[in-house]
Amino acid sequence: MKSTAGELIRRKKLVKQVLLGLIVLLGLICLYNGATFAPALPRAEEVIALDDGTDPVIGSFVPKRDYFDELFEDQEQNPEVPKSLPVCDMRYSELIPCLDRHLIYQLKLKLNLSLMEHYERHCPPAARRYNCLIPPPVGYKIPIRWPESRDEVWKANIPHTHLAEDKSDQNWMTVVGEKIRFPGGGTHFHYGADKYITSIASMLKFPGDKLNNGGNIRTVLDVGCGVASFGAYLLPLGIIAMSLAPNDVHQNQIQFALERGIPSALGVLGTKRLPYPSRSFELAHCSRCRIDWLQRDGILLLELDRLLRPGGYFVYSSPEAYAHDDENRRIWNAMHDLLRRMCWRVVSRRDQTVIWAKSVSNSCYLKRASGTNPPLCSSDDDPDVSWNLQMKACITPYSTKMHKGKGSGLQPWPSRLTGPPPRLDEIGVSHDQFQEDTNTWHQRVTDYWKQMRSVIQKDSIRNVMDMNSNLGGFAAALKDKDVWVMNVAPVNASSKLKIIYDRGLIGTVHDWCESFSTYPRTYDLLHAWSVFSEIEGRGCSVEDLLIEMDRMLRPEGFVIIRDKSTVVDHIRKFLAALRWDGYSLEVEPKTDALSLGDERVVIARKQIWGDDNDVEEEAARF
């Protein structure tokens, strides 16, 4: 009897377990069907970072193309557009997608840290791109306007004070109440960049101790620039510097530079060429930049050689230039020997600074003994190709034209801005075509400003990006405004970037199918001429680029998009979702020499948003 009763109890338990299992299974099936077939926008937790190692702020849970295609692929069947887009988690308010260390870790990339590969660009695959709007930090304020911004910014906009603590003895920056102030110091020039710049001009014996040398020094590359105070104090001299630093242990130095309104960019001398054409800079500067110039047969110095113009200067302020201990003397002797073989000569040496000058022609190269290293680059190497290309440990000889001219042939600044650059013939553009391009952009920019005059406040625009710079006409037309322009040459038109630099402007090469290497909220105005048509023709996403533009654009900043009418019509449907509808205007532009058929122009202004309540309420909708 006991055995029979025990058997009955076991059977009842088994039946209960089976029934419970069936109920759980049916529940999972219902949940799966509901998740698969029920129409819904992605939830907030699908676009914010999770603490379990899930990739941050990307659409890995719901493919982003599916999201946009479902809503917009057929506008006749889906006439409604979303009123807003998902908001990324607040922790990612400073996200730079292609310089994201979390992504490097999650993709398990095997990088050589000694070669700085972890500071180079590594973009997320298409399926792992974020699909949300980057929020500003808590308490964000409209940036202080130029020129006051050179000396102070709002702490709330870049809430990082570690640099002020780490560099307190070097006058990089100080925290004063709600502001961060920049006294103009640096690691090597504690008492001010202006005095240091004057001392360099004195070493070079330039008239009046002015580093611009009568307009012959215009474009400068500042490597390891810190918060770009060196570049800031070059501007009154009519010199523009590409202030360059990586997203390294001093993570926010370029973010501070851009917040100040100083031309600057994220970048590193690692394994790939810097995204600039050959012969772009009259002077390169390294002040305590902690770069091992002797590594890999001097490949980093050879990259500077590629970028310097004939007779260009390298200003080097570092212990190797003056210290007398055994290690620093060894480095100095090796560096001096390498640069001698590269046909550079010491122009001046004083205190802690040495200045070299590059050869003005090929004559020195031709006199070197056979087999001398570094070798000359092969004739099939194009020194102007720089996008995603490995550096080469060779010397780029001058063209026959440059060799005979013993110089770049450029006019002094500001004449070179409007005069035909000598390298126009290399890209097949005539002097007449260049002048027509200059005149056309002058008229276009005049029209843009007329359209925006009712909403532009004085000094409200400082950092400008031209996303398809062509010959630099857009930037040249802004010469009388107190702005600077990052001229971007798309990869399919990168050969034109040398013309930008020959005009005394600065810029970079970029592929707009990828995210740009800059912090969020760094530009006041983005100008996109035919950019969307170009990437669409290559199968890239218009929506991706719109979200990327929003990431780069400051609150209350402007976008000017000039493209085919069908493209503009599509973009206009996103203005409200992007919160670019505080002010918007669409016009049909005049037909001119650069018109590409049926063009339209849309001008829109980004709203300021992002306090805690705003972000939380927005995220709660999804």
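Predicted model: local features only at pLDDT ≥ 70, side-chain atom pairs only at ≥ 80, totals over all residues.
**Whole chain**

I started with the overall make-up. The protein chain holds 20 helices and 17 strands. Next I checked burial, and buried residues account for 55% of the 622 residues. I also looked up how far apart in sequence the contacting residues sit. Taking contacts between residues at least 6 apart in sequence, 71% join residues at least 24 apart.

**Helix H8**

I picked H8, which runs over residues 295-307 and has 13 residues. From its first C-alpha to its last I noted 18 Å, close to the 18 Å expected at 1.5 Å a residue. H8 still bends, by about 25° at Leu301.

Is H8 mostly covered or mostly open? Mostly covered, I found, with 11 of its 13 residues buried. Leu301, where the bend sits, is one of the buried residues. Charged names turn up on that buried list too, including Glu303, Asp305 and Arg306.

What do the buried residues of H8 pack against? I wrote down three strands, S4 (219-223), S7 (281-287) and S8 (308-317). Two helices join them, H9 (326-341) and H10 (363-367).

**Cavities**

I got 7 cavities of 30 Å³ or more. The largest cavity has about 200 Å³ of space.

Which residues lie nearest the centre of the largest cavity? Arg129, Glu514, Ser515, Asp544 and Glu548 do, out of 16 lining residues. Sorted by class, that lining comes to 10 nonpolar, 2 polar and 4 charged residues.

How values were computed: Residues numbered from 1 in each chain as written. Heavy atoms only, no water. 1 Å grid on protein atoms, 1.4 Å probe; cavity = no way out; pocket = protein on both sides within 12 Å on 5 of 7 lines; lining within 4 Å. Points joined across faces, edges and corners; volume = space filled by probe spheres on them. Helix = DSSP H or I, 4+ residues; strand = E, 2+ residues; numbered from the N terminus. Expected span 1.5 Å × (residues − 1). Bend = angle between axes of the 7 residues up to and from the residue. Buried < 20%, exposed > 50% of the residue type's maximum accessible area, 1.4 Å probe, protein only. Contact = heavy atoms within 4.5 Å.
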